[in-house]
Amino acid sequence: MPTLPPAVSTGISSLDAITGCHGIPLGHITLLSGRITSGKATVAYMALANAQHAGNVAILDLAHNCDPDYMHGCGIDLAHLFLVRPNPGVGAVDLLLDLVRSRQLCAIVVNGLADLTYQRSAYQRFNAAVSPLAQLLRSTACALIFLDDPSPIWLRWLNWDRSWAIRQRAALHIEMRFEQDLGVSRQHTHHAVSAHTLHSRWPHKESEAMVEIAINGDILIGPYDYSQRRHR
Amino acid sequence: MSVLCCYVPDFLVHLAGRREPDLASRPLALLGPDEHVCAASPQAYQAGVHMAMPARQARTHCPGLIFRSVDMAEAQAEQSAFQATLAAWGLPVERLSWGAAYLDLHDVARSKTDVQPLAGELGRQVHKQLGQDQQPAIGWDSGKFTARAAALRSRPGRMRLLGKEDEVTFLSPLPITLLPLSHNVLQQLHWLGIRTLGQFAALPAVAVQQRFGAAGRQAQLWARGKDARPVRPTVNAAPGPITIDLDPPTANTSLVLAAAMHALQPTLQEMSAHLEGCRRLRADLHFLGGETRIADMAVVEPISQPASLQSLLAYHLRTLTWPNELLRLHLSILETGELAVQQLALFVEQPLEKAPLVQMAKELATRYGPVFLRAEFTNPSHPISARRFQLHALI
């Protein structure tokens with residue numbers, strides 16, 4: 001049985017249970033994929049908030065859409081957050097390598113993978129840098145979390161999608177799927193999402209967890225009664 | 001109980017310094033037979049070199065690091081002289097590590113006022129025996145762990161005597177790295193935000209037992225100042241010899257090694273649970289035709305990890321001349337000892353600061369431009385989320 005790596009909890013016990021290593025593994029690449037509003041950013045922010053107890057954290061915000069107010073709601077201490085907003089391109093890949101190499105950070109979130117690799121030159125640079133990056137992470141014990149939109153399944157089968165390289169090297173790949181809106185008295189207050197472990201380097205008994213995400217960033221954990229709470 | 005711990009800081013480093021005076025005030029690491037760091041000078045510790053670190057890794061932490069091998073014969077002779085000085089008082093002495101030992105004062109002195117003159121006299125004698133460059137630090141308490149922590153916390157040439165009522169106050173702010181836990185356990189505790197003995201002691205005992213096993217529970221008791229272990233004679237009571245009959249006889253080292261490790265596994269687990277390790281191991285090999293060979297193995301610091309013991313055993317078995325197929329193997333653990341702590345960080349880690357981040361941002365900004373930002377809430381009650389904060393350039 002492989003040795004469990006040190007991990008940062010996501011703060012959601014059901015989600016930690018399906019990763020096989022009790023959270024987001026340190027020293028490895030984690031891929032969180034999911035469509036918009038699927039909760040992948042929320043999970044990443046929760047992990048960052050927990051990682052802040054151990055060290056400094058950074059967000060490489062390539063999409064330029066990280067909301068500090070929401071991060072604060074998820075528990076991140078903004079005074080100790082390193083928010084980096086480079087322009088997408090080859091420089092962003094080099095910057096990511098430099099951030100990991102600095103050994104000052106214990107967790108980095110890359111938002112998002114598509115913005116990092118949409119330029120051809122950046123994509124090629126990134127593919128070449130993935131292996132050194134994985135080795136570097138192991139020596140620095142830094143958790144690297146990529147946020148990504150899911151590629152069409154036929155592209156994945158043919159390995160034509162741009163997240164192919166990172167999928168191959170990721171120790172943990174979780175896909176978040178939006179399930180339905182929830183609310184009370186016809187007012188939308190939550191939405192339910194399900195997290196699926198598509199790949200984990202560590203054995204895990206279950207591969208699916210249900211999570212409720214409130215609009216203000218609070219996270220509730222199932223089980224819950226759909227029939228009582230759904231409003232449409 | 002009344003336990004006195006006498007600790008000579010940088011014992012092995014000073015011995016190396018005697019041979020080569022040029023090494024003084026330079027980063028120095030002493031390597032054991034397995035090419036791992038077994039002692040390092042204060043300059044090397046400051047650069048991030050730890051005990052049990054491979055030489056290559058130590059070099060990456062400290063590029064100017066000088067490596068020397070431990071002269072085991074000289075170190076053993078000096079250690080014997082050190083222990084003989086302590087044993088001259090006719091009290092039970094237990095070896096802790098190089099240049100460190102426990103002395104049982106149970107029948108002689110039980111209060112601070114009684115211990116103080118004794119400790120002073122002992123310190124003077126040890127200093128006289130070991131020479132000008134080696135000053136002992138002395139700690140005293142009712143338990144071994146707290147006495148050791150007190151000795152580590154004292155400066156060379158000083159003593160720290162603790163009463164029962166001072167234990168918790170003294171232990172609480174000390175770093176968790178004083179406990180001889182494995183690197184994995186320490187790292188997990190670090191990520192959980194547990195940095196001091198006080199924080200570790202405050203954890204629920206059940207949770208500690210569940211997550212870190214018997215060794216974790218034992219360590220937590222020590223962190224709470226509860227250590228009822230008696231001071232034992234220098235050669236600790238070791239488990240009885242293990243006999244392995246090989247049927248059919250074999251000359252395959254790997255098979256022998258696997259059988260030996262399988263037989264040693266329960267003993268190692270038991271030792272590990274008590275935070276103890278093997279310091280000396282003897283293997284008697286009986287070959288077909290009646291010939292025998294003996295391999296005596298000694299390690300610099302006690303080990304309880306199966307992988308470390310396996311590599312030690314493998315090295316000796318492979319360098320031995322095998323006249324015939326091996327018929328029987330006797331393994332005897334001759335000496336055990338308390339596991340050594342991996343890093344003697346004597347000061348509580350400082351809280352996280354932004355300074356290193358700002359420095360890093362300054363360095364990276366020269367290449368990537370002003371891409372590093374800091375979010376600051378300017379109007380937290382604004383109804384529009386995006387107007388509650390502003391982003392400022394960090395540099």
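**A friendly note on the two-chain model**

1. Let us start with Asp16(A), which sits in helix 1 (residues 13-19) of chain A; helices here (H or I, at least four residues) and strands (E, at least two) are DSSP runs, numbered from the N terminus. Please keep in mind that this is a predicted model, in which local features need pLDDT of at least 70 and side-chain atom pairs count only at pLDDT 80 or more, while totals for chains, interfaces and linings use all residues. Residues are numbered from 1 along each chain as its sequence is written, chains are lettered from A and ligands numbered from 1 in the order in which they are written, and side-chain values use heavy atoms, with hydrogens and water left out.

2. Buried means under 20% relative accessible area, exposed over 50%, and partly exposed in between (1.4 Å probe, protein chains only). A salt bridge is a side-chain nitrogen of Lys or Arg within 4 Å of a carboxyl oxygen of Asp or Glu; for charge, Lys and Arg count as positive and Asp and Glu as negative, with His and the chain ends not counted. Not counting residues up to four places away in sequence, Asp16(A) touches Ser9(A), Thr10(A), Gly11(A), His22(A) and Gly23(A), contact meaning heavy atoms within 4.5 Å.

3. Next, the interior. A nonpolar core is a set of buried Ala, Val, Leu, Ile, Met, Phe, Trp, Tyr and Cys residues joined through side-chain atoms within 4.5 Å. The largest one has 42 residues, of which Ile59(A), Met71(A), Ile76(A) and Ile145(A) touch the most other members. Helix 2 (residues 40-51) of chain A gives the most to this core, with 8 residues. Another core, of 40 residues, lies apart from it and includes Ala58(A), Val130(A), Met360(B) and Ala365(B). Leaving aside neighbours within four places in sequence, the contacts of Ile59(A) include Tyr45(A), Leu48(A), Met71(A), Phe82(A) and Val109(A).

4. In one of them, Asp61(A) meets Arg85(A) at 2.7 Å, N to O. Asp61(A) lies in strand 4 (residues 56-61) of chain A and Arg85(A) in the loop between strand 5 (81-84) and helix 4 (90-101) of that chain, so the pair ties together parts that are 24 residues apart in sequence. Asp61(A) is buried, with a relative accessible area of 0%, and Arg85(A) also counts as buried, at 18%.

5. Where does Asp94(A) find its partner? The side chain of Asp94(A) meets that of Arg125(A) in a salt bridge of 2.8 Å, N to O. Because Asp94(A) belongs to helix 4 of chain A and Arg125(A) to helix 6 (residues 120-140) of chain A, this pair links parts 31 residues apart in sequence. Asp94(A) counts as buried at 14% relative accessibility, whereas Arg125(A) is partly exposed at 30%.

6. In chain B, Glu335(B) forms a salt bridge with Arg279(B), with the closest N and O atoms 3.5 Å apart. Glu335(B) is in strand 12 (residues 326-338) and Arg279(B) in strand 10 (residues 276-287) of chain B, so parts 56 residues apart in sequence are tied together. Both count as buried: Glu335(B) at 8% relative accessibility and Arg279(B) at 2%. Elsewhere, salt bridges that share partners join Asp94(A), Asp98(A), Arg101(A), Arg125(A) and Arg367(B) into one network.

7. Helix 6 (residues 144-153) of chain B is mostly covered, with 9 of its 10 residues buried; among them are Lys144(B), Phe145(B), Arg148(B) and Leu152(B). In helix 8 (residues 183-191) of chain B, Val185(B), Leu186(B), Leu189(B) and Trp191(B) are buried. The buried residues of helix 8 pack against strand 6 (105-111) of chain A, together with helix 9 (197-201) and helix 10 (205-223) of chain B. Just after helix 8 of chain B, Gly193(B) takes a positive phi of about 85 degrees.

8. Finally, chain B as a whole: there are 13 helices and 14 strands, and 47% of its 395 residues count as buried. Among its contacts between residues at least 6 apart in sequence, 62% join residues at least 24 apart.
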